[in-house]
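This briefing goes through one protein chain, from its overall layout to single residues.

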Amino acid sequence: MNAKHRADRVAALLLAIALLAPSAGGAQNFGGGRPEERYFPIESESARAADGRTIVRGYVSNTHYRAARNVSLLIEGLDGSGRAVSKTVAWVNGDVSAGGRRYFEAVAPTPGTTFRATVLYYDWAPGDIR
């Protein structure tokens with residue numbers, strides 16, 4: 001058996017083990033996660049405001065066919081290992097239209113070396129509002 005053939009067999013064996021191994025969680029999530037994660041991708045960054053405070057700013061997108069109202073964000077301050085050590089809630093000003101995006105800006109929670117923003121709450125607007 002040559003080296004290439006042996007490497008191919010090892011790769012096939014590792015693939016079979018990975019496919020047959022039980023997953024960490026017992027249940028499968030065919031829905032792709034919580035709606036807040038599926039429909040509202042967030043682009044965010046931290047910056048210094050003119051008054052010296054740290055802010056978190058960015059855009060919340062809406063991939064759903066209905067507009068979202070009353071969108072609130074959970075902004076978490078993370079330590080160096082990525083563990084949440086502080087949090088605050090911020091509101092997105094206005095509706096996030098279907099297929100659109102909306103800017104947000106909030107004072108960052110302290111402490112925190114980096115920050116994570118996720119959608120905490122929203123309401124769907126009635127009908128197909130774009």
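A residue counts as exposed when its relative accessible area is over 50%, and as buried when that area is under 20%. Trp91 has a relative accessible area of 55% and is therefore exposed. The model is a predicted one. Its protein chain holds two helices and six strands, which follow one another along the sequence as α-α-β-β-β-β-β-β.

**Whole chain**

- The protein chain has 130 residues, and 28% of them count as buried.
- Its accessible surface comes to about 8,600 Å², with 54% of this belonging to carbon and sulfur atoms.
- When contacts between residues at least 6 apart in sequence are considered, 65% join residues at least 24 apart.

**Nonpolar core**

- The largest nonpolar core has 17 residues, and those that touch the most other members are Val60, Val71, Leu73, Ile75, Val92, Phe104 and Val119.
- Two or more residues of this core come from each of β2, β3, β5 (101-107) and β6 (114-124).
- Beyond four places in sequence, Phe104 touches residues including Val60, Leu73 and Val92, which are also among the core residues that touch the most other members.
- The contacts of Phe104 also include Glu43, Ser44, Arg57 and Gly58, again leaving aside residues up to four places away.

**Nonpolar surface patch**

- Val89, Trp91, Leu120 and Tyr121 make a nonpolar surface patch of about 420 Å².
- At least two residues of the patch are supplied by β4 (84-91), and at least two by β6.
- Trp91, a member of the patch, is found in strand β4.

**Asn62**

- Asn62 sits in the loop between β2 (54-61) and β3 (68-78).
- The relative accessibility of Asn62 is 1%, so this residue counts as buried.
- A polar atom of the Asn62 side chain lies 2.9 Å from the backbone oxygen of Arg66.
- Residues up to four places away in sequence aside, Asn62 touches Tyr39, Phe40, Ala67, Ala68 and Trp124, and also Val96, Ser97, Ala98, Gly99 and Gly100.

**Glu105**

- Glu105 belongs to strand β5 and is partly exposed, with a relative accessible area of 47%.
- The side chains of Glu105 and Tyr103 are joined by a polar contact of 2.6 Å.
- With residues up to four places away in sequence left out, Glu105 touches Ile55, Val56 and Arg57.
- Arg57 is 48 residues from Glu105 in sequence, while their C-alpha atoms are 4.2 Å apart in space.

**Pro111**

- Pro111 lies in the loop between β5 and β6.
- With a relative accessible area of 51%, Pro111 is exposed.
- Gly77 and Pro111 are 34 residues apart in sequence, with a C-alpha to C-alpha distance of 6.2 Å.

Note on methods: Residues are numbered from 1 along each chain as its sequence is written. This is a predicted model: local features need pLDDT of at least 70, side-chain atom pairs count only at pLDDT 80 or more; totals for chains, interfaces and linings use all residues. Side-chain values use heavy atoms; hydrogens and water are left out. Helices (H or I, at least four residues) and strands (E, at least two) are DSSP runs, numbered from the N terminus. Buried means under 20% relative accessible area, exposed over 50%, partly exposed in between (1.4 Å probe, protein chains only). A polar contact is a pair of N or O atoms within 3.5 Å; within protein, one must be able to donate a hydrogen and the other to accept it, and residues adjacent in sequence count only if both atoms are side-chain atoms. Contact means heavy atoms within 4.5 Å. A nonpolar core is a set of buried Ala, Val, Leu, Ile, Met, Phe, Trp, Tyr and Cys residues joined through side-chain atoms within 4.5 Å. Patches are made of residues with over 30% relative accessible area and no salt bridge: like charges are joined within 9 Å, nonpolar side chains (Val, Leu, Ile, Met, Phe, Trp, Tyr) within 5 Å. Accessible areas come from the Shrake-Rupley method with a 1.4 Å probe; for residues, only the protein chains shown count as cover. A salt bridge is a side-chain nitrogen of Lys or Arg within 4 Å of a carboxyl oxygen of Asp or Glu.
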